[in-house]
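Let's take a walk through this structure together, moving from the whole chain to a few individual residues.

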Amino acid sequence: MNFWAFAEGAMLGAALIIAIGAQNLFVLRQGARRDQIFIICLLSSLIDGSLILLGAMGLGSAIAAFPELVPWASWGGAIFLILFGLLSCRRAIWPDIMQTTDETPVVSSRRKAVLLTLAFGLLNPHVYLDTVILLGGIAAGYEINARIYFVSGAIIASFIWFFGIGYGARLLAPLMQNRTGARSLDLIVAAMMFLIAASLINEQLTAI
């Protein structure tokens, strides 16, 4: 086993994933509500891992060859984040109080959970920059045997992170059981969504 390649992949993967972003906030909120959290954590990890693997296989170079796609991805991601932020504002005005115990978790539509997870995992162009281009580009610099360990380390870090914050967010569950706590969490989520969307829009406007 190439320990150093594995360790570098794990550390770089963790450093890029841990940065607070729209996807992490979504996983945290669903974890606090104990709402479809297993499928959300699993799908988030699989998306991240798949993008890292594709980057290591050369997808980053293919994306770099079509820079005109980046603005479209950025505007699409910004629109999605604004819409989700508005929904969070609506929930803050009319809080959805969690009336549950550990035995009776909140359960929403699995289909809705899957669609939102796919949106958060795939509509943010920064995800491709971090996983496909950056991590994939670094992985491509390794010889094939070491590359396998590098990619494995990054993917394992992704699984540990998403399941860690998803199930660790249960500590926030008491916040969701009163109106003020539920409202505060949704306001924080909305503010972060708007800030990330503004960042994406600003990047495109300054590039014009």
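Helices here are DSSP runs of H or I with at least four residues, numbered from the N terminus. Please keep in mind that this is a predicted model.

## The chain as a whole

The protein chain holds 9 helices and 0 strands. Following the sequence gives the pattern α-α-α-α-α-α-α-α-α. Among contacts with a separation of 6 or more, 89% join residues 24 or more positions apart.

Of the 208 residues in the protein chain, 42% are buried. The chain's accessible surface is about 10,800 Å², and carbon and sulfur atoms contribute 72% of that surface.

## Transmembrane annotation

An unreviewed UniProt entry lists residues 6-26, 38-66, 72-93, 114-142, 148-173 and 185-202 under "transmembrane region". One of these stretches is worth a look in the model: residues 185-202 are 100% helix and 0% strand. The end C-alpha atoms of that stretch are 26 Å apart.

Is Gln-23 buried or exposed? Its relative accessibility is 10%, and because buried means under 20%, Gln-23 counts as buried.

Which residues does Gln-23 touch, leaving aside those up to four places away in sequence? They are Ser-44, Asp-48, Phe-120, Gly-121 and Phe-162.

## Helix 3 and the glycine after it

Just after helix 3 comes Gly-58, which has a positive phi of about 110°.

Turn the model to find Ile-79, Ile-82, Leu-83, Leu-86 and Phe-194, which together make a nonpolar surface patch of about 430 Å². Which helix supplies the largest share of this patch? Helix 5, residues 69-93, contributes 4 residues.

Leu-86 is one of the patch residues, and Leu-86 is located in helix 5. Its relative accessible area is 47%, so Leu-86 is partly exposed; the patch itself takes residues with over 30% relative accessible area.

Terms used. Residues numbered from 1 in each chain as written. Predicted model: local features only at pLDDT ≥ 70, side-chain atom pairs only at ≥ 80, totals over all residues. Heavy atoms only, no water. Patch = residues over 30% accessible without salt bridge, like charges linked within 9 Å, V, L, I, M, F, W, Y side chains within 5 Å. Areas by Shrake-Rupley, 256 points an atom, 1.4 Å probe, with all protein chains shown as cover. Salt bridge = Lys/Arg side-chain N within 4 Å of Asp/Glu carboxyl O. Helix = DSSP H or I, 4+ residues; strand = E, 2+ residues; numbered from the N terminus. Buried < 20%, exposed > 50% of the residue type's maximum accessible area, 1.4 Å probe, protein only. UniProt positions renumbered as here; feature names shortened; annotations may be inferred. Contact = heavy atoms within 4.5 Å.
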